[in-house]
Amino acid sequence: MDIDRLRKVLEHEARLGFDDRAVIGGLEAFIRNWLKDTGQLARNPSLALDRFLPVNSSYAAMDKKGRQEWVGWVMDLLEELEAPAALAAAAASAAPRAGSPTTAAGSSAAPVAIAPEIPLNPPLKKGERPLQRGRVTGAPTEKSPLDYPITVLKGIHDKVEAKFAKLGVKTVRDALYFFPRRHLDYSQLAPISSLKPGQEQTVIATVWEARVVKLGNMRCTEATVGDDSGNIRAIWFNQPFLAEKFHVNDKIVFSGRVTDFRGQLQLDNPAWEHVEDKELIHTGRLVPVYPLTAGLFPRQVRRLVKEVVDRWSALVEDFIPYDIKNRCRLLNLDEAIAQAHFPDSLQLKDRARERLAFDELFLLQLGVLSRKQKWQESQPGTAIAVDREALDRFLNSLPFKLTQAQARSLQEILEDLARPVAMSRLLQGEVGSGKTVVAMAALLAVVAGGHQGAVMAPTEILAEQHFRTFTHLLSDAGHAAGNPPLSPFAEGGENLATFARPPLAKLTVALLTSNTKGKKALYGQISEGAVDLVVGTHAVIQEGVEFHRLGLAVIDEQHRFGVAQRSALRQKGFNPHMLVMTATPIPRSLALTLYGDLDLSVIDQLPPGRQTIATKWVSPEKRQAAYQFLRQEIGKGRQAFIICPLIEESEAVETRAAVEEYNRLSREVFPDLRLGLLHGRLPPAKKDETMRLFRDHAMDILVSTPVVEVGIDIPNATVMLVEGADHFGLSQLHQFRGRVGRGTEKSYCLLLAEDPSPEGQERLALIEKTHDGFKLAEEDLRLRGPGEFFGTRQSGVPDLRMARISDVALLEKARREAQSLFMKDPRLELPHYLPLRREMARVWKEGGEWS
């Protein structure tokens, strides 16, 4: 509401001590614009302009006490405007109107009419672009001021805009939510005489001398500064231009590490800031450290963010309902944003993170709850009667027995299939735990019940692997039961197999990928119901593929697929049951948060006899010994992976490094062996071709960036060598380790790290001794947080920036509050939930889909 916006500005003014800094151009000018833009005078003729504005004075000319009294007077006046009749009118105006403009392609009406938002339009500074006035409604062409591009800010020209875009900062809102990675504690002021070496400290000192000096080949700036207690030398290496910034008798705040140089204390490369009548940004406080990219510098980014926070944070709409905010003791949103960037204390920094993390988890929970309800209630599911006796005959014919965890997970799936509500279940288990067999049993049960099944994998080679596994299981088990295949690969080359299998007299399995030959004929067989089980890639959801009666859809490697792909597969049948599988061990707390729309089954037990991969952290001086060991294994007829270091700067840089490493290894280390290269910038067809060649032993060593496919089965590979291992998380290292040990031969994982940090050393020590993927995942969350745990943004869910899933108490609180609110008003239709509804629409439009 427009009244809320003025109230926020007044509250912000009070927090700043009534010094007329809440808005650029002054509070009085803002109120005049507010009265004009919002039409309050027109809607309320009884209001006089002077009821809002100071009498016989101006706000700028008042003393602090007068300003405080006047702000209180205006706050009381706003209460008068918020009479019940006004609230009712606001609620009515927020309801969708027939014939209202569309809000998105394909929409017939705006889902909600957004209440007016007041753009802040202060006098322009030199170099700033004018803000376009206008009121934001449901119309798609009108924006909130927070959605203006960052070019409205001083000093942001096209080149700088492009650099910020690389960091994901494109709008004013993005800048507000561009949180620092950490803070430097420069808050402890000390006299020079009390400084101690080896600590980060801050002094306020006067410049006595500043000059350019030469140290070796470097030209540096050296300054002598002092306070009442003594003097100290400050040195900036390779920065001679700074000498011009310091003048004799300048008073400057210096923050940085104190060192001992030849018995004299000095400040090495300290941050600095002139002491002026303004708030410190770079020194003398908890100083934010932001992510950077080439061409952006710490002071530049800090200044920009400070301007954005001071000028725009008051316009952020606080969407958490008041009762929840009060019950959970959360900061106001504008204060939390400000304190997250430039905290006044460590305590407020922590409270700000708690509020912002709560927001992320709360919005995420509401979204997945809504998604689950929509999937299960939009159309009824099909209850599938399972012939358990017949299914047991299939399980008993297998050459192995299901583990207790497999049997438990299968039972949970079968119970879901028997319900008239579409199943949405996540089957989780690490490499080798036997997820495929569980999925196969469920698919057989569905086919026996008169329905079809579909399996979708992220790559062709994984789809082919599933097809081979299924036909192998059916063939071996069929032989054990005295039922050989009827016509394996006879009807459709290598893409079709038919079996006589209990509990079925006949079962036809087809492989469908973009390279499948005779697709049209296969499409016909699928639509007629002649194919019982389709295994494939994205080709399964392409136009033209229609199922006769799809009962169960299985998606492998859930994190590789977005919501759109899942929805497309679901639409291939009459709301079929859905099972998604992942080999990434995800702690339960994280799984319930990210996949709250799915029920959870966990195979937390490996089959007996599964070999343990010998894991060794190798120091740099033993690199040649590691290469020699790898060569010995290849001499025995085995194969090996070499994973290139993770380079966070960009995929292009990472690829270039991988190509250089591949060339070095091919020329200097293994010139007599057959090497292949895999990286993220290869076309999908080339990736599949490379992996096929490696699988078929046309290569001895595969050099790869971290994109090496999860789930690829190379039984002959026995060595995994990971370069720069200290830069990877535990879960990713465990996934790499899982690429070997698929056969009967002893397998090894060698972790090379040049100079690991203490945190890196802790991770390497843990991976050496721990082989339980779930334990490693919990440790990874503790050490690195959810964003780094996954390494990439999750498809279909909003990003997590501040939330730490290891904070179970906050996670449970957010889930509890979201569930409670969802039970009361799942579509957020009550008037006081309108801000939350707007935020849900915005966040889930960016991260997925919410309705």
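**Surface, rings and cysteines**

Leu-189 is exposed, because its relative accessible area is 53%. Exposed means over 50% relative accessible area, buried under 20%, and partly exposed in between, with a 1.4 Å probe and protein chains only. Before I go on: this is a predicted model, where local features need pLDDT of at least 70, side-chain atom pairs count only at pLDDT 80 or more, and totals for chains, interfaces and linings use all residues. Residues are numbered from 1 along each chain as its sequence is written, and side-chain values use heavy atoms, with hydrogens and water left out.

Back to Leu-189, which sits in the loop between strand E1 (182-185) and strand E2 (200-215). Strands here are DSSP runs of at least two residues, numbered from the N terminus. Together with Ile-204 and Val-275, Leu-189 makes a nonpolar surface patch of about 240 Å². Patch residues have over 30% relative accessible area and no salt bridge, and nonpolar side chains (Val, Leu, Ile, Met, Phe, Trp, Tyr) are joined within 5 Å. The areas come from the Shrake-Rupley method with a 1.4 Å probe. A salt bridge is a side-chain nitrogen of Lys or Arg within 4 Å of a carboxyl oxygen of Asp or Glu.

Now the rings. How many aromatic pairs does a search of the whole structure find? The search finds 11. One of them is tilted: the rings of Trp-236 and Phe-246 have centres 5.0 Å apart and planes at 35 degrees. Rings of Phe, Tyr and Trp (its six-membered ring) pair if their centres lie within 6.5 Å; planes under 30 degrees apart count as stacked, over 60 as edge-to-face and the rest as tilted. Trp-236 lies in strand E4 (residues 230-236) and Phe-246 in the loop between E4 and strand E5 (251-261), so the pair ties together parts 10 residues apart in sequence. Phe-246 is buried, at 5% relative accessible area.

Phe-246 also pairs with Trp-272, with centres 5.0 Å apart and planes at 80 degrees, so this pair is edge-to-face. Trp-272 is in strand E6 (residues 264-274), 26 residues from Phe-246. Ring pairs link Trp-236, Phe-246, Phe-254 and Trp-272 into a cluster.

Arg-299 lies over the face of Trp-272, 4.3 Å from the ring centre. The criterion is NZ of Lys or CZ of Arg within 6 Å of the ring centre and within 35 degrees of the ring normal.

Last, the cysteines. The whole structure has 0 disulfides, a disulfide being a pair of cysteine sulfur atoms within 2.5 Å. Cys-749 is buried, at 2% relative accessible area.

Methods:
Patch = residues over 30% accessible without salt bridge, like charges linked within 9 Å, V, L, I, M, F, W, Y side chains within 5 Å. Helix = DSSP H or I, 4+ residues; strand = E, 2+ residues; numbered from the N terminus.
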